[in-house]
Amino acid sequence: MSKSGGELMRAVVAECRMLDKPSRIDEVVSMASSLGYEVVGVVSQRRRAPHASFCIGSGKMEELKRLVEERMAESVIFANALSGSQVFKISRELGGEIKVIDRNMLILELFKERAMTKEAQLQIQLAKLRYTFSWGREYLRLEGILGEQVGWSGPGDYPFKEYERAARRRISRLERALEAIERRKDALRARRRELGFPTVVLTGYTQSGKTTFFNMVARESKSVGIGPFTTLSTFARRVVHRGDGGRSEFILVDSIGFIEDMHPIILDAFHSTLSEISSADLILLFLDASEDPQTLRRKASYSDEVLRRIGIRSPMIVCANKVDLLSERGLRRALGLIEELLPGREVIPISAKLGENVGPLLDRVTSLLLAAKEMAA
Ligand SMILES: Nc1nc2c(ncn2[C@@H]2O[C@H](COP(=O)(O)OP(=O)(O)OP(=O)(O)O)[C@@H](O)[C@H]2O)c(=O)[nH]1
Ligand SMILES: [Mg+2]
C-alpha cells in the first residue's frame, strides 16, 4: 500500500508530550505504518502546555526541520491534535512542501482505508470536511486543500466565502446521500439474513491482535463480498469450523480497532464504521493481556465504554490475547484484572500468533451460534 505512486511516503512523527497524559507516539507510529508511511524519525518533547505556534517549542521545531531535511521526509505527523493555525505555521516553517497532519487527520486516513461500507465512507468524507472546516481560514489558505475537498482548482488566493459555500453544499450533498443509505439499510440486513450465515465480528483496541487471529482462522477460507454496499473482501471470510461440539459456518469480520481520545467530529464517523458490530451475531472482544496492568485496565474500560455507547446486545466472548508473552503468574493476574473490569463476561485466553487455544475458542463460538440458532427456530 502506498501514498505516492508505489513508494512509501517518508514521515517524521512529532509529539509534544504533556506531563499528565500517556504518550501517543507508539500508537501513531503503528497507525502510520499500517497506512503505508515509512516512519524515518521521531521528535518528542515534554512540555507543560503545547507551544502556541508550533505545538512543540521553537528549539524543537528547529530540530524537526533538520531531521526532515536530513531524512528526506515528505510528511510530518503530529501525535497531538493541532489547530488550523498551527498546521499553517508549521507548514510554513518547514518550507511549504511538506505535508503536515495531526493525529486526528491520521485517524481519519485510517478510517477511510478501513471503511467497509458506502455509508462509512461517506461518514468519513463528511468528518474530514467538517474537521478541516473547523480549522478555519488560515489552514484553508494552504495550497491543495480546496482542490482536493471541494473541487476548487483556481490559482492564487480565493475568497473564503466561496469555499464556505462550496463546502456547505458538499456537506449537505453527503448528508442527503447518507439519508438515502439509511433507508436502504433494512434491505441490506434482510439480504444478509437470506444468505443464511451468522456473522462473528472481531473487535477491540488497536493492536490487540484481531487481524492476526483473522488471518490465522481465515487462511483456509474463501473471501466473500456481501451485498451491494459492502466491500468486505479483505475483511470478511466465510469460515467453516468442525469441532467437538459440532459444525458451524459463519462470516468472520475483522473490524477497525478502538482508539482513545478522539475529536468529537471523528468519533461520529468512528461509530458509523462500527455499525458492522451492532448487527453481529457474536462478538469477540480482543484484549492484549500482555500489557502492563495500568494499560490493560485503561483499554479494557475504554473498549467496554465504546461497546456500551453503540448499544451492543450481541453475545460476547472476551479473548485475552498474547498469552505466549505471559508467565503463568502474569496470566493469572491479567485474567483477574479482566474479570474485575468486565464482570460476568466469558473470557478465553489465547495466542493468536501461535494458535494456542484457538481451537477451543472456535468450539465455543460454534456452540454459542448453534444455541442462538435453536433459540430462533
Ligand atoms: N506475541 C504475540 N503477538 C501477537 C499476538 N497476536 C498479535 N500479535 C502482534 O501484535 C501486533 C498487532 O497485531 P494485529 O493483529 O495487527 O492487531 P489488530 O488488533 O488487528 O490491530 P488494528 O488493526 O490496529 O486494530 C502485531 O505485531 C502482531 O504480530 C499474540 O498472540 N502473541
Ligand atoms: Mg487489524
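**Reading strands, helices and a ligand shell**

Q: Which residue in S8 is the bridge partner of Val200?

A: In this predicted model, Val200 has Leu252 as its bridge partner in S8. Four bridges pair S5 with strand S8, residues 246-254, in the parallel sense. S5 is also joined by five bridges to strand S9, residues 282-288, and these two strands run parallel as well; there, Leu202 has Leu284 of S9 as its bridge partner.

Q: Which residues point one way from S5, and which the other way?

A: The general idea is that side chains in a regular strand alternate between the two faces of the sheet. In this structure, Thr199, Val201 and Thr203 point one way from S5, while Val200, Leu202 and Gly204 point the other way, and all of them are buried. Strand S5, residues 199-204, is accordingly described as mostly covered, with six of its six residues buried.

Q: Which residues of H9 are buried, and what covers them?

A: The buried residues in H9 are Lys210, Phe213, Phe214 and Val217. Because they span an arc of only 100° around the axis, they sit on the same side of H9. What covers the buried residues of H9 includes S5, S8, S9 and strand S7, residues 236-243.

Q: How many residues surround ligand 1, and which are the closest?

A: Ligand 1 is surrounded by 16 residues, of which Gly209, Thr211, Thr212, Gly257 and Lys353 are the closest. With three residues, helix H9, residues 210-218, gives the most to this shell.

Q: What is the phi of Cys55, and is Cys55 buried or exposed?

A: Most residues other than glycine have a negative phi. Cys55, although it is not a glycine, has a positive phi of about 75°, and it lies in the loop between strand S2 and helix H2. Cys55 counts as buried because it has 26 C-beta neighbours inside 10 Å, the cut-off being 20 or more. Asn357, also a residue other than glycine, has a positive phi near 65° and is found in the loop between strand S11 and helix H14. Because Asn357 has 17 C-beta neighbours inside 10 Å, it counts as partly exposed.

Methods
Residues numbered from 1 in each chain as written. Chains lettered and ligands numbered in written order. Predicted model: local features only at pLDDT ≥ 70, side-chain atom pairs only at ≥ 80, totals over all residues. Near = placed C-beta within 6 Å. Buried ≥ 20, exposed ≤ 12 C-beta atoms within 10 Å, placed from the backbone. Pairing = 2+ DSSP bridges. Arc of directions from axis to C-beta. Contact = placed C-beta atoms within 7 Å.
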